[in-house]
Amino acid sequence: MAPSQAGFRPTQHPIANHGVIGDMRTLALVAQDGTIDFFCHPNIDSPTLFASLLDAEKGGFFRLAVDDGATMKHRQIYLPDTNILITRFLGEDGIGEVEDFMPLDGSGRIIRSARAIRGRLTFNVALRPRPRYALAHVQLREVRGGVSIHWSEGGESHSLHVHSNIPLRIEGDMILGEATVGEDEPLHVVLCPGRHETHIDEDYVRASFKETRAFWHRWVASGQYPTYWRELVVRSALTLKLLTSAKYGSIAAAATFSLPEAMGGERNWDYRFCWIRDAAFTLYSLSRLGYHDETGAFVTFLMQHAIEHDADRMQIMYGMDGRKELTETELDHLSGFGDSKPVRIGNAAYTQVQMDIYGELMDALYISAKARGKPPYAVWDRLERLLDWLAENWRQPDMGIWESRGEPREYLSSRLMCWVALDRGLRLAARESLSGDVNRWRAERNAIQKSLLTEFWNEEIGAFTQFKGARGLDAVVLLMPLVRFINPHDPKWISTLKVVRRELVHDCLVQRYKNLGENSDGLSGQEGAFTTCSFWYVEALARSGFVSEARFMFEKLHAYANHLGLYSEELSATGDHLGNFPQALTHLSLISAAVWLDRSLTGRRTDPDNVQFQNIEDIDDYFSRT
């Protein structure tokens, strides 16, 4: 063993310096130096097994890497059109690779396979399991072909096994190993849940690799991707697919918890749950690429867990298995990413009222019905009651789309999405000859439209504002043309777009809102630029006719992706990734913007009002002429 191996201590890598692997049950983050520093087991919203990303000393990790001092360079790529991650080690003595993936067979295994591409290289294994958010006491035992890991949680015993074709040994609370291999001498290390198995050999690793590669290739091949930016869109779609649950049909908002939106601040939240909003937006984006099976699975999830007989009992989020209680707890023993505390699991926002969820849900179901036909009567029966309830209750204040922890208000986001819900319900009923109190729905939809155009318009600033009677802006207003509430060439909309550009946009980065005065969200500090809103801005520009400017902004945003094309929730002023990673909302908004831009650039837009401008200032000349 190399002398440094037993004393190896992980470092806290920047959020952006990671790739992700998964099996549509859980995900693992793999840093560029070959360290898995975040992994929840057995599900995405289960306790962590490795979490050195949140606490380098206590969190636990799983490293497979070539150590060659400061001369070793690290690179990461994905095998094209898959979620198989390749980490490369480039040094003077040779080049090595580690392939990381999780089979799609429900085994929950992490397979790590290493080989030398050139020369002979020494690969080191260092694994420190820290189950139950680093609170459980672990017992390690050497067994045939590897090491077994045991711990107790909630009165139940749990076990994992580490299998390898190289010798592994136990030193303290670590599992260690090393081997020097040539170009035809692959080694593997496999983390296996459950009982000890002896059939893990090179043939199994190769077969699993081929089956996993074939699965992802088939899935990508079944989609319809834009001509422009195909690789970016494919990577975003593959990331969204990883966040879906093959077992339950739910969709996670992100893979992680408590990565800070502002370094050193309190904006540290758990996103490993199924938000109705994020899931519905995900389905909308996947449907634009021709994927519809995910919608069917999500509707089943909703029918079983979310859409109650009374619509006011629908929560804004659920556990991935449909559980309703997501109690927010602070893990005081973990130092947090960049010492950002508190480290939180669970999310108290699950108790909030957010009226926007009905619009996002109905929009996704409407898009699905356009592709797959009439929804089952059992589904429509519940949706019909939901729309009846919404027609009666859309005026009530809530916490808004961003889950404010301030006072309830009548937010534009909620009012807008209530309009979407009733509008899509009307369209769906007419299109598929479905029952419903359509006259009531139409009257209330029109009342919402009037409310938005009058009560949320501030003549003095020339824009639609964050909530009724406010002066401050919210980037969620960018959804108004995207959901077809307003004509993207309407003077009120163009005026709003200009004010958003002046107040919230910095180059291509967009803030959600300014956390000042009346716009306060009840928390201290300012967050970074919200990447989702940046892509909404691109799409809003394109829909409003500023295609050249939208394309330029879109290209600039690519420079903020990490080395694999992945995005976290937010970006700092210096371009560092902030917030949970990877975030579904960002990747789905990227897809939507890319598809719309592609249609504009390839001449597939059939909108007769598709007037195009070089930049946003040209709109003044256009309206002066018309």
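1. Let's start with the cavities: there are three of 30 Å³ or more. A cavity here is a set of points on a 1 Å grid, over the protein atoms alone, where a 1.4 Å probe fits but cannot get out. Grid points are joined across faces, edges and corners, and a volume is the space filled by probe spheres set on the points.

2. A quick word on the source: this is a predicted model, where local features need pLDDT of at least 70, side-chain atom pairs count only at pLDDT 80 or more, and totals for chains, interfaces and linings use all residues. Residues are numbered from 1 along each chain as its sequence is written, and side-chain values use heavy atoms, with hydrogens and water left out.

3. Now look inside the largest cavity, which holds about 230 Å³ of space. It is lined by 24 residues (an atom within 4 Å of a point), and the closest to its centre are Trp269, Tyr271, Trp402, Glu403 and Arg512.

4. Next, the open sheet: its eight strands run in the order β6-β7-β8-β9-β16-β13-β12-β11, with antiparallel pairing. Strands are DSSP runs (E, at least two residues), numbered from the N terminus, and two of them pair if DSSP finds at least two bridges between them. At the edges sit β6 (73-78) and β11 (139-143), each pairing on one side only.

5. Zoom in on β9 (residues 110-118) and β16 (residues 187-193): five bridges join these antiparallel strands. Ala114, for one, has Leu187 in β16 as its bridge partner.

Key. Helix = DSSP H or I, 4+ residues; strand = E, 2+ residues; numbered from the N terminus. 1 Å grid on protein atoms, 1.4 Å probe; cavity = no way out; pocket = protein on both sides within 12 Å on 5 of 7 lines; lining within 4 Å.
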